[in-house]
Amino acid sequence: MSSRPPASKPKSKPLAWTDLVLVAMGVVLVCGFAVGVASEVPLRVSGGIGSVLATAMWLGSVAVNPGERTA
């Protein structure tokens, strides 16, 4: 018999707020692309608006929690 203890499952960490911001940024960018493809709005315009919204979301999250971005 081996003397090793049974393997334990690693504990998973809950989602941090930064994970949620990154997911939301991705959703905004994909939605901007989808609007450009599916509508009469030029892709350059809808993609640009999506990029501006994603950047604003990131800047807002850093402004609210500035210490978390370096942790």
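Q: Hey, quick one: where is the place of V52?
A: V52 sits in helix α2. Bear in mind that this is a predicted model.

Q: Is V52 buried or exposed?
A: V52 counts as exposed, because its relative accessibility is 56% and the cut-off for exposed is over 50%.

Q: And how many residues apart in sequence are V52 and L29?
A: They are 23 residues apart in sequence, and their C-alpha atoms are 9.3 Å apart in space.

Q: Let's zoom out. How many helices and strands does the protein have?
A: There are 2 helices and 0 strands.

Q: What share of the residues count as buried?
A: Of the 71 residues in the protein, 13% count as buried.

Q: Can we look at S61? Where does it lie?
A: S61 is in helix α2, which runs over residues 43-64.

Q: Why does S61 count as buried?
A: Because its relative accessible area is 11%, and buried means under 20%.

Q: What is S61 in contact with, leaving aside neighbours within four places in sequence?
A: With those neighbours set aside, S61 is in contact with W17 and V21.

Q: Changing topic: which residues make the nonpolar surface patch?
A: V35, V41, V45, I49 and L53 make that patch, and its area is about 400 Å². Helix α2 gives the most to the patch, with 3 residues.

Q: I49 is one of the patch residues. Where does I49 lie, and what does its accessibility make it?
A: I49 lies in α2. Its relative accessibility is 49%, so I49 counts as partly exposed.

Q: Last one: what span should α2 have, and how far apart are its end C-alpha atoms?
A: At 1.5 Å a residue, the 22 residues of α2 should span 32 Å.

How values were computed. Residues numbered from 1 in each chain as written. Predicted model: local features only at pLDDT ≥ 70, side-chain atom pairs only at ≥ 80, totals over all residues. Heavy atoms only, no water. Helix = DSSP H or I, 4+ residues; strand = E, 2+ residues; numbered from the N terminus. Buried < 20%, exposed > 50% of the residue type's maximum accessible area, 1.4 Å probe, protein only. Contact = heavy atoms within 4.5 Å. Patch = residues over 30% accessible without salt bridge, like charges linked within 9 Å, V, L, I, M, F, W, Y side chains within 5 Å. Areas by Shrake-Rupley, 256 points an atom, 1.4 Å probe, with all protein chains shown as cover. Salt bridge = Lys/Arg side-chain N within 4 Å of Asp/Glu carboxyl O. Expected span 1.5 Å × (residues − 1).
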